[in-house]
Amino acid sequence: MRVVIQLHPATELLAAVADPGTQVAATDVVGDLPGFALENTYDPIHIPGFTPGAAGGAETFSAHPADGSVVVRGEIPDDDRSVLSALHGSSTVAGVFADPVIESVLTCGGDPAVGTWHDVETLLRSGDLTAAGLTGNGVALAIVDTGINADRVNQARGGTFTIDTKRSWNPQGVTGTAGQFPVDHGSMCAFDALIAAPQAAYLDIPVMKSTRQGGSTMDGLLSDAVAAYAHLRTVLSDQPEATRALVISNSWGSFSPQWDFPVGQPGNYSDNPNHPFNVIVRSLDAAGADILFAAGNCGKDCPDQRCGFADHPIGGANSSPNVLSIGGVDTKGQRVGYSSQGPGRLSDRKPDVCAYTHFLGSTVFGANDPDTGTSAACPVAAGLVAAIRTTHSATALPPAQLRALLQRTATHHDKSGFDYDYGYGTLDASAILAELQKANAARA
């Protein structure tokens, strides 16, 4: 079984791993761990230390490397409790966690497109956003997916956009240049984000291009996402605090408990807020990143055939209270049947909001094939968030406040303001603009 192991090595090693300019070999960190086959090619990743908030208050993350931990990855024998027991008994091991397969959340739906991306452009009030100077200019927007083919996206849009090659990143073992990957799911996601944020700086993070020994061409590992988020943490911290803006779009998730430790075991991912990936997600949110995840395509009406959870399919980071979990509606405002329904596993009120999907857009899968799934809805929403960030930095409008704004202004589909089908409702760009203008006037 593939796992990530969380370690507390010596302070000098923690500091070295936390320093982006220092290369530390995994063997230097691990030492001798019984039954664990270390993957030497996976660089150790620093996970920030945190202190839970008192009486339900906000947790705090430490900037000091010695307060954190390090994760490495490798394999342990399947169903060998003695190995797990021995590892947990090691003085340096803080935890042994699942490293589940993660897959793109492309839909199972075969229905024709409902409207086009120009309809989505109208629904997102693209003209009004541009008039207000909200184009994504200066905002870093990371597409964590299969990689982007910029030429194909430009061809479909009839325009050009910026790939930030310097701040893009490849997982270990993935070759290729940012913006020049084969046409695939990531190109669709980039196209859909561009609808609301045509001037953002796009970071190409091809986590889903990772392969594992004996695996398929489309099954990255969660440990690669941990490494990607460590890189994005550096991207965020390198920005001036006054203008800090990083939006991260994630159209993927873990579909099946087959690859996870059982719920209740300390190494579980789906329901465990202390899994290293869930911790690093929260640390980026606390530092000012806006993180969006697709809710998934396990809706009861027509679930994807890969869906392995009998209920509560929105799990892991996709259900974190520190991210926006995005469900899907068509251009007529109707929930698409495959959009996963709540409650979520880490946070009850999921999905947060819905965005548009199942429209004719990038055509990366065929001339008449829609951009579909919550895979499309997530970058559509991410583009709108990036547009807002053009003039409202994370310092001025922290991610938690922006999430609350999107929830409050959404077009509700239930009298209570929330339901497990639509979350708080469908994103309403007009209402968001009105709220921002009201806030600006109050500060003037």
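Which helix does T409 lie in? In this predicted model, the answer is helix α11, which covers residues 399–409.

**Close-up 1. T409 and the residues around it.** Is T409 buried or exposed? With a relative accessible area of 9%, T409 counts as buried, because the cut-off for that label is under 20%. A polar atom of the T409 side chain sits 2.8 Å from the backbone oxygen of L405. Leaving aside residues up to four places away in sequence, T409 touches D428, A431, I432 and E435.

**Close-up 2. The second largest pocket.** Here we look into a pocket holding about 460 Å³ of space. Its lining is made up of 21 residues. M1, P77, D78, D79 and F261 are the ones that lie nearest the centre of this pocket. Sorted by class, the lining comes out as 9 nonpolar, 9 charged and 3 polar residues.

**Close-up 3. The open sheet.** Follow the order β10-β11-β9-β13-β15-β16-β17 and you have walked through the 7 strands of this sheet, with parallel pairing. β10 (162–163) and β17 (353–356) stand at the edges; each has a single partner strand, so one side of each is left without a neighbour in the sheet.

**Close-up 4. Where β13 meets β15.** Zooming in on the sheet, we get to strand β13 (residues 246–250) and strand β15 (residues 289–294), which run parallel. How many bridges join these two strands? There are 5 bridges between β13 and β15.

Definitions and conventions:
Residues numbered from 1 in each chain as written. Predicted model: local features only at pLDDT ≥ 70, side-chain atom pairs only at ≥ 80, totals over all residues. Heavy atoms only, no water. Helix = DSSP H or I, 4+ residues; strand = E, 2+ residues; numbered from the N terminus. Buried < 20%, exposed > 50% of the residue type's maximum accessible area, 1.4 Å probe, protein only. Polar contact = N/O pair within 3.5 Å; in protein donor to acceptor, adjacent residues only side chain to side chain. Contact = heavy atoms within 4.5 Å. 1 Å grid on protein atoms, 1.4 Å probe; cavity = no way out; pocket = protein on both sides within 12 Å on 5 of 7 lines; lining within 4 Å. Points joined across faces, edges and corners; volume = space filled by probe spheres on them. Nonpolar A, V, L, I, M, F, W, Y, C, P; charged D, E, K, R; others polar. Pairing = 2+ DSSP bridges.
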